[in-house]
Every structure is written in C-alpha cells, then in structure tokens.
Amino acid sequence: MSARISVYLQPRASMTDIVGKRGDAVHIRVTAPPVDNAANKALVDLIAERLGIAKRQVRVVAGASSRRKMVEIDGVTADEAT
C-alpha cells in the first residue's frame, strides 16, 4: 500500500511546517534552500517525522526541481497522508 500526494514546496521559509492546502496540493514550507537537493531532503524528513515512518518510505517521484511535486509514501493510505 502506498499513497501519492501533490505537494507545493516553499523553500527558504522562516520555519519548516505544513501550512495547509494550496489548490489541490499540500502547502509545505522548509527552511532549506533549493540547492543540492536540500529542500527535497527537508521535505522527506518532515513527512516521515509527521507520519512516524522511516525516511526510506518517502520519495519525490515527480517535480524534483520544481515547487510542485508528487510524493509517494509507502505504508500509509491517502487519507493518512493528507
């Protein structure tokens, strides 16, 4: 079982947090800059921490260099992920 969620990622924010919805995507802010994959790593860390799962269960499957991303999360349902 795995879930895919659409994410709007805002790098270089003042704090790392899940803000809410932005259109059909979950709006997430991270303090990491969008260089050397740092913002994507921070996104994976935040999602894994909030869901109480291992980081290896969370991956960016589309939009790695974009603010709009598709994230796949193993071991959770779509309802648990959003």
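Student: Which residues touch the most other members in the largest nonpolar core?

Tutor: In this predicted model, where local features need pLDDT of at least 70, side-chain atom pairs count only at pLDDT 80 or more, and totals for chains, interfaces and linings use all residues, they are Ile 28, Val 58, Val 71 and Ile 73, out of 21 residues in that core. Residues are numbered from 1 along each chain as its sequence is written, and side-chain values use heavy atoms, with hydrogens and water left out. A nonpolar core is a set of buried Ala, Val, Leu, Ile, Met, Phe, Trp, Tyr and Cys residues joined through side-chain atoms within 4.5 Å, and buried means under 20% relative accessible area with a 1.4 Å probe, protein chains only.

Student: And what supplies the largest share of this core?

Tutor: Helix H1 does, with seven residues; helices are DSSP runs of H or I with at least four residues, and strands are runs of E with at least two, numbered from the N terminus.

Student: Ok, which residues of H1 are buried?

Tutor: They are Ala 39, Asn 40, Ala 42, Leu 43, Val 44, Leu 46, Ile 47 and Ala 48, and what covers the buried residues of H1 includes strands E1 (2-10), E2 (17-22), E3 (25-29), E4 (58-62) and E5 (68-74).

Student: What comes just after H1?

Tutor: Gly 52, which takes a positive phi of about 70 degrees.

Student: Back to Val 71, what is it in contact with?

Tutor: Leaving aside neighbours within four places in sequence, Val 71 is in contact (heavy atoms within 4.5 Å) with residues including Ala 3, Ile 5, Leu 43, Ile 47 and Val 58.

How values were computed
Buried means under 20% relative accessible area, exposed over 50%, partly exposed in between (1.4 Å probe, protein chains only).
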